[in-house]
Amino acid sequence: MQEVLDHVYVHSDMLVTTDWVNEHLNDPGVRIVESNEDLLLYPSRHLPGSVQIDWTVDLNDQMIRDYVSRENFEKLMSANGIDNDTTVIFYGDKNNWWACYAFWIFQLFGHTKAAVMDGGRLKWEKENRQMIKDVPKYSRTNYKAPMRNDHGIRAFRDDVMEHIKNNLPLVDVRSMEEYTGKRLHMPEYPNEGALRGGHIPGAANIPWAKAINPEDGTFKTFDELKKLYEIDNNLNPDDDVIAYCRIGERSSHTWFVLTYLLGFNHVRNYDGSWTEWGNMVGVPIEK
Amino acid sequence: MEETNGGKYPVRLHEFLEIIEYYDNFNDRINFLIDYAEKFKRVPENISVKPYPPENKVEYCESGAYVWTLAEPNSTFKFYFDVENPHGISAMALAKIFDDTLSGETEESILSVPDDIVYKIFGQSLSMGKNLGLTGILLAMKRDVKNFRRMKNVE
């Protein structure tokens, strides 16, 4: 999949434009996946031929705070007519937070034939492109997934503790108010149960939203992103970086930017994030 | 007031809950709610215009919901809403439901609505954040109604 973007990134093939998606709406080798925060959004209208994968219902285990098992991921993919060779294109609301989150989870299961639609739902709508209510039905596939690999791009609390000891870079992508502990939740969002406000010791605050153009949700240019992360915040593409937010959704957006747009070699997303760290007994915080 | 499933609800809200509980299929329920979102009407210009006053903004609602509460002469209240995020479909649906079922109700009726109403309407698959954000709409309505009572008591 080679895409002509307005901007060139290190792995430009992981990002497609709305034009590209429009031309591939009927491509049997492509499955378009919408992933949103609002459950009513996809059923209200969506891209023709797209399916919905919901982060709460489809991607999270319902009994353990963890992602679905290999078996359930295989069932999810098969039910949506996705086979191992299908190119999956993600888009959604909230400037593609949830699309990037779903994309990241797909990478835990090794589905690398995937990309994100730049600008997400916001850009598609602003361009007045076709949206429909009909939910497509695809023939069931027999998708086979490897065991979920939690080691390459996912960080757990022990990894974060080790990271702190080794003085390695942590990126807190939440708002400044959450980072400083003034708020226990992101602006306009409720408190989802963190007992303390602040950040993980040593973390730099680089809010995720700095990576996008708010008017259409597209990613900023390579040069703008390079300035933000490498020049202004002293990160290096060879650094071992862990990103976190509240539950791992905003930080998966930053993980995507660092890994694919800037070509960082070793970025992990700490999905336990502040809802784990801010409640954990015996761990330090900074304000 | 009608009693249902461990809570007391104003009659029209009770009737609405009876209807939505009939939709035990998740997709049917979602489509029913989308119908409400599509009928959502924004606050009229004679009540407020953008940029809206911050005091009308619903705390914790990431969809950018606003509530206006007017006291009516017969001790009832009329509610108006807006939702700034065009992707805030759930907030639009809930605002329409509240306008249909709680506008015209008294202080006692409005304050009696249990705060877990959002789960009853949208189901348990709603994320905690989304649920709390939507609940903020009801809490804003209750806050306004209580403020009217305080002002009345001062007078």
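Colleague: What makes a residue pair count as being in polar contact across the interface of chain B and chain A, and how many does the rule find?

Modeller: You need a pair of N or O atoms within 3.5 Å; within protein, one must be able to donate a hydrogen and the other to accept it, and residues adjacent in sequence count only if both atoms are side-chain atoms. Across the interface of chain B and chain A, five residue pairs pass, both residues at pLDDT 80 or more. On the side of chain B that touches chain A, the elements giving two or more residues are helix H2 (26-38), helix H3 (89-102) and helix H6 (128-154) of chain B. H2(B) gives the largest share, six residues. Helices (H or I, at least four residues) and strands (E, at least two) are DSSP runs, numbered from the N terminus.

Colleague: Before we go on, what sort of model is this?

Modeller: A predicted one: local features need pLDDT of at least 70, side-chain atom pairs count only at pLDDT 80 or more, and totals for chains, interfaces and linings use all residues. Residues are numbered from 1 along each chain as its sequence is written, chains are lettered from A and ligands numbered from 1 in the order in which they are written, and side-chain values use heavy atoms, leaving out hydrogens and water.

Colleague: How much area is buried between chain B and chain A?

Modeller: About 1900 Å², with carbon and sulfur atoms giving 66% of that. Tyr60(B), Glu62(B) and His87(B) supply 33% of the area chain B buries against chain A, more than any other three residues. Buried area is the accessible area (1.4 Å probe) that two parts lose on being put together, summed over both. As for contact (heavy atoms within 4.5 Å), 23 residues of chain B and 22 residues of chain A take part.

Colleague: Why is the pair of Glu62(B) and Lys94(A) called a salt bridge?

Modeller: The rule wants a side-chain nitrogen of Lys or Arg within 4 Å of a carboxyl oxygen of Asp or Glu. Here the closest N and O atoms are 2.6 Å apart, so the pair qualifies.

Colleague: How do you know whether Lys130(B) and Asp38(A) are buried or exposed?

Modeller: Buried means under 20% relative accessible area, exposed over 50%, partly exposed in between (1.4 Å probe, protein chains only). Lys130(B) has 7%, so it's buried. Asp38(A) is at 1%, so it counts as buried as well.

Colleague: What do Arg121(A) and Glu34(A) tie together?

Modeller: They form a salt bridge at 2.6 Å between the closest N and O atoms. Arg121(A) lies in helix H6 (residues 120-126) of chain A and Glu34(A) in strand S2 (residues 30-34) of chain A, so the pair ties together parts 87 residues apart in sequence. Both are buried.

Colleague: Why is the pair of Trp55(A) and Trp98(A) called stacked?

Modeller: Rings of Phe, Tyr and Trp (its six-membered ring) pair if their centres lie within 6.5 Å; planes under 30 degrees apart count as stacked, over 60 as edge-to-face and the rest as tilted. The count comes to 30 aromatic pairs over all chains. For Trp55(A) and Trp98(A), the centres are 4.3 Å apart and the planes at 20°, so the pair is stacked. Both are buried.
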